[in-house]
Amino acid sequence: MHARTNMRRQRGFTLLEMLVALTVLGFLMVGLNEGVRTGLGMWSREARQIGSIAELDSTARILRSLLGGVPLAPAVPADPTGSSHVISFSGTADRLVFVGDMPTGVGTTRLADITLALRGEQLVLLWNPHRREQSAAPAPNETELLRGVARIEFAYWGTPDRDSPATWVTQWNGSAMPQLIRIRVSFPEGDRRHWPDMIVAPPVGLPQVTGPPV
């Protein structure tokens, strides 16, 4: 009896047992592969979402700094008599042109002619160092702020003329500054990014304009 038992043990696994073991191992490998693939997909989506949020946050900070952190239209002496003028500020529904401070990267700023506009599907920042004299400006420096943009809308709150009440308008051109600037960004259909309306208040307390704009 003991001899027969020892002989069975020495024979090893049967073919059926091997097939069952390989089948179970195959199911385990398939499950492991699907789990890894699902985990990588979730990690990739999370990374893209974090990247999109970071890009939106970075763009919002830049716009708020440019439009709300410094006087966009400071009164500066126009001549020795003391009269002053205001540096230009004009905007339409899809384009904003003004003179403001651009960071130099070394802790200082410099006055620059700045344009915010949509080019293709990119929100871009175009700028050149500001010059008082009238001369041919070189090609502007261009920085991409946000890509994959379907539409951008600027709106301006204030009194475009003395006889009108304050209201939102889609075009602003003059020596006075709007009290508020609204930036609305739309993305293509299916894009899950969301841009809440940004409203920026330019610094108040600017001196009154007494001379023509530059």
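These legends describe close-up views of one predicted model. Residues are numbered from 1 along each chain as its sequence is written, and side-chain values use heavy atoms, with hydrogens and water left out. Local features need pLDDT of at least 70, side-chain atom pairs count only at pLDDT 80 or more, and totals for chains, interfaces and linings use all residues.

**View 1. Confidence along the chain.** The protein averages a pLDDT of 75, and 68% of the residues score at least 70. Helices (H or I, at least four residues) and strands (E, at least two) are DSSP runs, numbered from the N terminus.

**View 2. The open sheet.** Six strands line up in the order E7-E6-E5-E4-E3-E10, with antiparallel pairing. Strand E7 (141-147) and strand E10 (172-173) stand at the edges with a single partner strand each, so one side of each lacks a neighbour in the sheet. Strands E5 (residues 109-119) and E6 (residues 122-129) pair over eight bridges in the antiparallel sense. (Two strands pair if DSSP finds at least two bridges between them.) Leucine 118 stands opposite leucine 123 in E6.

**View 3. Threonine 115 in strand E5.** Threonine 115 lies in strand E5. Its relative accessibility is 13%, so threonine 115 counts as buried. (Buried means under 20% relative accessible area, exposed over 50%, partly exposed in between, with a 1.4 Å probe and protein chains only.) Not counting residues up to four places away in sequence, threonine 115 touches Arg95, Leu96, Val97, Val124, Leu125 and Leu126. (Contact means heavy atoms within 4.5 Å.)

**View 4. A salt-bridge network.** Glu55, Asp191 and Arg193 are linked in a network of salt bridges. (A salt bridge is a side-chain nitrogen of Lys or Arg within 4 Å of a carboxyl oxygen of Asp or Glu.) Glutamate 55 meets arginine 193 at 3.7 Å, N to O. Glutamate 55 lies in helix H2 and arginine 193 in the loop between E11 and strand E12 (198-200), so the pair ties together parts 138 residues apart in sequence. Arginine 193 also meets aspartate 191, at 2.9 Å, N to O. Arginine 193 is buried, at 15%; aspartate 191 is partly exposed, at 30%.

**View 5. Arginine 184 and aspartate 197.** These side chains meet in a salt bridge at 2.7 Å, N to O. Arginine 184 lies in strand E11 and aspartate 197 in the loop between E11 and E12, so the pair ties together parts 13 residues apart in sequence.

Conventions:
pLDDT = per-residue confidence, 0-100.
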